Amino acid sequence: MMNIIDNDLLSIQEARILAENAGGVQAELALFTQEQLDRIVEAMADAVEPHVEELAVLSSEETDYGNWKDKYAKDRFVCGYLREQLRGMRCVGVIDENPEKGLMDVGVPVGVIVALCPATSPVSTTIYKALIAVKAGNPIIFSPHPRARDTIGRALDIMIEAAEASGLPEGALSYLHTVTKSGTVELMHHPSTSLLLITGVPGMLDEAYEARKPLIYGGAGNGPAFIERTADVRQAVRDIISSKTFDNGLLPAAEQSVVVDAPVAEQVRAEFMANHAYFMTEWESEQLAKLIFNSDGSANTTLVGVTAETLAKRAGFSIPPETVLLVSEQKYASQENPYAREKLAPVVAFFIEDDWEHACEKCIELLLKDRRGHTLVIHSTDGDVIRQFMLRKPVGRILVNTPATFGSMGASTNMFPAMTLGSGSSGLGITSDNVSPRNLIYVRKVGFGVRSVETADREFFGRDRLPDKPRIKTQDIETAEQVRVIQGLLREAVEQKN
């Protein structure tokens, strides 16, 4: 007799158990002080940090995306700099008070979080989400990406052991071992779960919306970089290349298009070529476009996070051996133009515009192309132009004179160090923040009485200044009644005469 294992049923059952367990310890975890939670966070980071190099290699081998050295850099970033930024941050209990005004804010954990992580950055995103969830006093359940199941599971096993040894209740940090779409949907819909934290898994968005729960979505990016005529062109080009080639162009925040002010176009082109970027011919661009997107418009996952050399070889053309970035010159950001879309590889589109106003419109077109762009970069020293871009762009974050990849994640800017960048500009989620523990709590407002009701009456309502209520005299009422009677008699007399 043949035994058939239904993984969907197993995953759904496991999801229910994990959600119920997490819901059961939610109240207990909510009583932890910030100091207790901080000790657990430190223990988790201490435990996983020695393993990030092997985890980077494992993730690169399991997913076949990117390169392990850059993944190792991201993993170290969340174990090091992120942890430093978390120290001293208050998320639960009294988080702010103003004795002078008699006001106080109390941080309250939002509840059980369901977390989905991308295969492109599985380790760094998993560590980051686990740390910020526990920091904010929330249980969190992960549904690993099927393409990175072993890597994510290994990272979580290390952190779970350390966290529970430091006092985290069992079940407060967990993950699905049998990963199916059905199990993930069950987690999102389960009554014990409170918030969905999704990074880079757009295929699950419809199910997430149907769960009717708060959603924080770190989505796809289609961010342009504008090089304005007053920019330091040499530095701007170096920033873009370092950003778009990091981990072979996998990060959604990386530049997808370069929009160039016409007066500096040739200088920009020369700098790109000097830094090992290759400008494709029209034919080469067409051949590559046929490869990086499938006929139905979806991305070809076999070419996600590969090198420029691999892309060119697969597309059937030759490039210089030192080439790190492929550039396609384009004119229009039309719906049919594949280069106006997100490209998770070392490939950028190159647009030239007459002035900053036209460049501004081009950037808006690109941002609205997939309605998920969350980051834009401007390279300029003209304060007025920078201000216009800040005010007019439909985007979650604008970076100035910095690489998109490193600026958006908080490495080259003072933004919060995050591996989930809110896509609030497109309406896909509840925030456009660099997601921090503060996004995983709600704030209870406390106000102490500072003035009496009599004072409020006098100062705000003005009730002490209202005139006395007018009184209607009895004779006035009688007179009015007499008038109505006389009017009635006159009407009857007229009717009889007619």
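Select Thr-199 to begin: with 7% relative accessibility, Thr-199 counts as buried (under 20% relative accessible area, with exposed over 50% and partly exposed in between; 1.4 Å probe, protein chains only). The model is predicted, so local features need pLDDT of at least 70 and side-chain atom pairs count only at pLDDT 80 or more, whereas totals for chains, interfaces and linings use all residues. Numbering starts from 1 along each chain as its sequence is written, and side-chain values use heavy atoms, without hydrogens and water.

Thr-199 lies in strand S6 (residues 193–199); strands are DSSP runs of E with at least two residues, helices are runs of H or I with at least four, and both are numbered from the N terminus. Beyond four places in sequence, the contacts (heavy atoms within 4.5 Å) of Thr-199 include Leu-116, Lys-129, Gly-218 and Met-419.

Next, display helix H6, where Thr-151 is located. Thr-151 is buried at 0% relative accessibility. Its contacts, leaving out residues up to four places away, are Leu-55, Leu-58, Ser-59, Glu-62, Pro-122 and Val-123. Helix H6 (residues 149–165) also holds Asp-157, which is partly exposed at 38% relative accessible area.

Finally, select helix H11 (residues 282–292), in which Glu-284, Ser-285, Gln-287, Leu-288, Ala-289 and Ile-292 are buried. Among the elements covering these buried residues are strand S10 (277–279), helix H12 (308–315), strand S11 (325–329) and strand S12 (347–353).
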